Number of protein chains: 2
Amino acid sequence: MSSTPVELRDVRAAALRIQHFLHTTPVLTSHSVDVLAGRQLFFKAEHLQKTGSFKARGACNAVFLEKERNPDSAGVVTHSSGNHAQAVAYAAMCLGLPCTVVVPKGTPKVKCDAICSYGAELVFCNPTPVSRVKTCASVAEETGRTIIHSSDNYDVIAGQGTIALELLNEVPDLDAIVVPTSGGGMLAGVSVTTQKIQPKCQVYAVEPVGKNLQRCLEAKQRLWSDPPTFLNTVADSMRLQAVGHLAFPIICEYTNTRVFTVTDDQMIEGMKLTFERMKQVIEAASGAGVYAAVKLIGEVQPKARKVGVILCGGNVDLDKLPWVMPITSY
Amino acid sequence: MSSTPVELRDVRAAALRIQHFLHTTPVLTSHSVDVLAGRQLFFKAEHLQKTGSFKARGACNAVFLEKERNPDSAGVVTHSSGNHAQAVAYAAMCLGLPCTVVVPKGTPKVKCDAICSYGAELVFCNPTPVSRVKTCASVAEETGRTIIHSSDNYDVIAGQGTIALELLNEVPDLDAIVVPTSGGGMLAGVSVTTQKIQPKCQVYAVEPVGKNLQRCLEAKQRLWSDPPTFLNTVADSMRLQAVGHLAFPIICEYTNTRVFTVTDDQMIEGMKLTFERMKQVIEAASGAGVYAAVKLIGEVQPKARKVGVILCGGNVDLDKLPWVMPITSY
């Protein structure tokens with residue numbers, strides 16, 4: 001009998017652990033988008049989650065567990081310039097734990113301010129994946145703080161699984177769920193939870209061009225380069241090329257091997273459609289999920305009547321919306 | 001004993017009449033905006049209403065009543081390039097009634113397409129208030145269709161009153177409600193309904209610069225020029241300077257005489273704050289209400305703890321968001 005490192009009981013425990021600090025986000029619907037899609041779509045509104053993204057779920061579960069396991073914890077540290085950084089800072093603030101966030105030099109001030117607004121301390125590193133990991137490790141060593149990885153952490157994965165718990169609680173008979181994927185924590189958590197609750201519901205990854213997740217899933221091997229690289233995509237929060245070591249086997253077991261690959265233009269189309277028809281501010285990664293649900297899922301599962309779409313985050317630079325091209329002066 | 005042309009029973013009847021064709025919109029809250037405002041704000045999300053604005057309420061009530069009173073109705077006609085046009089077209093479509101919308105020449109194609117998507121027929125006129133009224137009247141005469149005015153119509157006013165019915169049902173102990181105001185239909189409907197249900201709750205108008213509503217309310221006189229003029233404001237849906245003849249006496253009786261005047265920059269600030277913190281796409285008129293609730297109400301009613309804000313619409317040109325200034329090339 002095989003056992004998974006993240007079980008449904010871990011996800012249920014996470015839901016109880018984080019419930020008083022996070023929103024049960026609404027599930028939105030839109031008649032006019034359903035008409036375009038030719039099926040019913042159910043949008044899990046994680047852009048309305050605390051800190052503006054689903055990352056608050058995994059971060060709260062991991063940080064709260066750190067404190068449960070280690071009541072004298074010296075705090076937490078992570079590396080991220082994006083949604084996970086705010087999420088860990090928020091989670092630490094909830095418990096009054098010290099928190100350091102390693103951010104690459106050149107991170108926009110607005111992002112640094114958001115992280116600091118939750119009381120975290122910033123440490124700057126060079127803007128490479130390797131420098132981020134090394135700087136984070138040395139902060140952890142010097143301060144005794146525990147590293148909270150953004151996706152490759154079973155507690156984070158269990159926390160992200162609570163999205164599926166809530167979504168399937170509200171719409172139990174979904175035929176499919178599409179999940180924008182970067183490090184794979186949300187995909188792993190949602191896949192394992194869905195499989196245990198509603199095994200007929202297929203979970204699909206949505207990826208930017210260049211990630212090549214489908215080839216890895218088919219080979220059941222992490223074929224990505226080491227050290228990892230970043231993708232060139234409009235979706236800030238989907239730049240990691242590789243899915244993590246802990247998330248990958250879970251994904252191989254529970255996620256459909258068919259992956260939806262979405263170009264920048266397609267993500268932007270999904271994003272703008274959501275602004276226009278649903279009046280919701282979402283980031284490009286969420287737009288990738290919308291595009292896949294509206295335009296692509298029919299190729300793979302034409303009979304899917306009810307499809308869940310995770311609007312994973314809404315942290316977007318409003319001064320630089322990707323469809324607004326400022327006229328360059330020469 | 002004085003009697004008002006729009007009574008609470010008319011608003012309750014409107015609510016029953018329109019309920020199956022419209023949304024009971026959610027009431028949104030935001031911890032971080034509450035902190036900025038120094039009080040609790042309750043946002044009535046009319047930007048999520050059918051057709052993207054509250055106008056669908058009044059239009060449905062008026063058009064459905066036209067059909068009740070006149071089962072052989074030849075249809076309806078209105079003049080508007082904005083939210084009311086879509087609203088009347090939608091209402092007529094619900095009943096399969098013919099509908100003509102008079103729009104000024106030069107109306108953006110996207111707006112014309114939205115109106116036509118509900119099956120209405122377009123007639124173009126010159127872009128002046130006088131030409132709109134005259135063209136509408138002659139279409140009515142030629143076709144026998146009934147004119148549905150955007151605000152100066154008791155059935156429309158009763159329909160807009162249902163916003164307050166729902167808002168006070170959800171948050172009965174509001175201290176104040178702020179209402180972005182153009183022709184005054186929503187302000188009249190919300191004011192009379194609020195006064196009858198929760199007389200302690202103050203209703204305030206929010207206006208663009210140049211409307212001078214407060215002076216008129218204090219004088220209890222419509223001091224505006226005739227024929228009416230348009231204001232130069234970033235808020236498309238608040239361009240009418242004058243409040244209508246039917247709405248004005250209701251407003252004089254039930255609305256607080258203190259009016260909040262908001263500049264374009266302030267509306268845009270309220271709009272961007274709502275995009276950023278609440279992830280909601282709203283139009284500039286809604287932003288005016290947000291600004292008044294966050295920044296201005298304290299001057300007038302400092303002890304107001306709970307304030308309702310009507311996010312009246314979300315129909316905004318996403319390619320021309322007012323805070324995104326394209327760099328002009330010379």
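Predicted model: local features only at pLDDT ≥ 70, side-chain atom pairs only at ≥ 80, totals over all residues.

Q: How are α8(B) and α10(B) oriented to each other?
A: The axes of α8 (185-197) and α10 (247-254) of chain B come within 9 Å and cross at roughly 40°. Helices are DSSP runs of H or I, at least four residues, and strands are runs of E, at least two, numbered from the N terminus. Axes are lines fitted to C-alpha atoms, for helices over the stretch in contact, with angles from 0 to 180 degrees between N-to-C directions. α8(B) and α10(B) are therefore oblique to each other. Oblique is what remains after under 35 degrees (roughly parallel), over 145 (roughly antiparallel) and 65 to 115 (roughly perpendicular).

Q: Which residues make the contact?
A: From α8(B), they include Leu187(B), Ala188(B) and Val192(B). α10(B) gives Ala247(B), Ile250(B), Ile251(B) and Tyr254(B). Contact means C-beta atoms, placed from the backbone, within 7 Å.

Q: New topic. What is the strand order in the open sheet of chain B?
A: β5-β4-β3-β6, with parallel pairing. Two strands pair if DSSP finds at least two bridges between them. The edge strands are β5 (121-125) and β6 (146-147) of chain B.

Q: How many bridges join β4(B) to β5(B)?
A: Five. Pro104(B) has Cys125(B) in β5(B) as its bridge partner.

Methods
Residues numbered from 1 in each chain as written. Chains lettered and ligands numbered in written order. Contact = placed C-beta atoms within 7 Å.
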